[in-house]
Amino acid sequence: MRRFLLLSILFSLFFVVRSQDFRYGFFAGANLNTMKLADELYIHNDKENTDKLISLGFRAGFFGEYSINKHLGIQADLSFSQYGYRLINELEFIGENNSIIYDKKIERMSNDISLALMFKFYLLDKRVAIDIGLQPSYTCDMREFDEEKLMIDSLHVNFSTTILSDSIIHMKKDANYNAFNLSAIGGITCMLSDHFFFNARYVFGLTDIFVEEVVRFDEYDTYYTEAVNQLSRNRVVQLGFGWKF
């Protein structure tokens, strides 16, 4: 937490720069989320029959940009972002006189505070910029939504039931998650006017988000638990618009 606060302070100091080469502004847009997952995180450990869908999240924040020269600049932006994934698994059994359909959906959506630190490579007289950098993030909480449906249709039975589970996990109180994560980011910013711009980025997670408690045995055959990272890294396409002052 101290490191993240230090980065936030450095970002704030960035705004005290006063020169014609410094600009600032705000942005908003969408996150098109998927996530690279370990096989055991798929529904019923069944990766083959589980579909991983795009999860839509919101993103907004503000930034400061300093032009070192006409070809190179640096930028820092602080944002609120929603990351996550969706999984759907459907099993269907059809007999001569009956059918059974079992459908399960899982959605995980996190609310993150992210600090992007980037180099900007200007093209076309600064109308276009290639952005490359790193993004540390702190996950405030995680929403876990599960839905299970069972439908039985036969000559003698007509049955349908739905079970819903919806909860909010606060990261600092739960050992099953890593609250801090790091990503590499790259993208492009296009100025549509002197102030209005469009940008697109790809977020490539470098660290795992989920943690699993694993039982170990020492040399005396005494068991203990150890927190082990599970493969769970963000893969996000970010699209947004903003205003530069």
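A residue is called buried under 20% relative accessible area, exposed over 50% and partly exposed in between, using a 1.4 Å probe and protein chains only. The model shown is predicted: local features need pLDDT of at least 70, side-chain atom pairs count only at pLDDT 80 or more, and totals for chains, interfaces and linings use all residues. Residues are numbered from 1 along each chain as its sequence is written, and side-chain values use heavy atoms, with hydrogens and water left out.

View 1. Phe-196 is partly exposed, because its relative accessible area is 33%. Phe-196 is found in strand β9, residues 196–205; strands are DSSP runs of E with at least two residues, and they are numbered from the N terminus. Together with Tyr-24, Phe-26, Phe-62, Leu-192, Phe-241, Trp-243 and Phe-245, Phe-196 makes a nonpolar surface patch of about 780 Å². Such a patch joins nonpolar side chains (Val, Leu, Ile, Met, Phe, Trp, Tyr) within 5 Å, from residues with over 30% relative accessible area and no salt bridge. A salt bridge is a side-chain nitrogen of Lys or Arg within 4 Å of a carboxyl oxygen of Asp or Glu. Accessible areas come from the Shrake-Rupley method with a 1.4 Å probe.

**View 2. Aromatic pairs around Phe-63.** Rings of Phe, Tyr and Trp (its six-membered ring) pair if their centres lie within 6.5 Å; planes under 30 degrees apart count as stacked, over 60 as edge-to-face and the rest as tilted. The structure holds 10 aromatic pairs. In one of them, Phe-27 and Phe-63 are tilted, at 6.4 Å centre to centre and 35° between the planes. Phe-27 lies in strand β1 and Phe-63 in strand β3, so this pair ties together parts that are 36 residues apart in sequence. Phe-63 also forms an edge-to-face pair with Phe-197, with 5.6 Å between the centres and 85° between the planes. Phe-63 and Phe-197 are both buried.

**View 3. The largest nonpolar core.** This core has 13 residues, and those with the most contacts inside it are Leu-37, Leu-87 and Phe-210. A nonpolar core is a set of buried Ala, Val, Leu, Ile, Met, Phe, Trp, Tyr and Cys residues joined through side-chain atoms within 4.5 Å. Strands β1 (22–37) and β4 (72–94) each give two or more residues to the core.

**View 4. The surroundings of Asn-181.** Asn-181 is found in strand β8, residues 180–191. Asn-181 counts as buried because its relative accessible area is 6%. Not counting residues up to four places away in sequence, Asn-181 touches several residues, including Asp-112, Gln-135 and Asn-234; contact means heavy atoms within 4.5 Å.

Key: Helices (H or I, at least four residues) and strands (E, at least two) are DSSP runs, numbered from the N terminus. Patches are made of residues with over 30% relative accessible area and no salt bridge: like charges are joined within 9 Å, nonpolar side chains (Val, Leu, Ile, Met, Phe, Trp, Tyr) within 5 Å.
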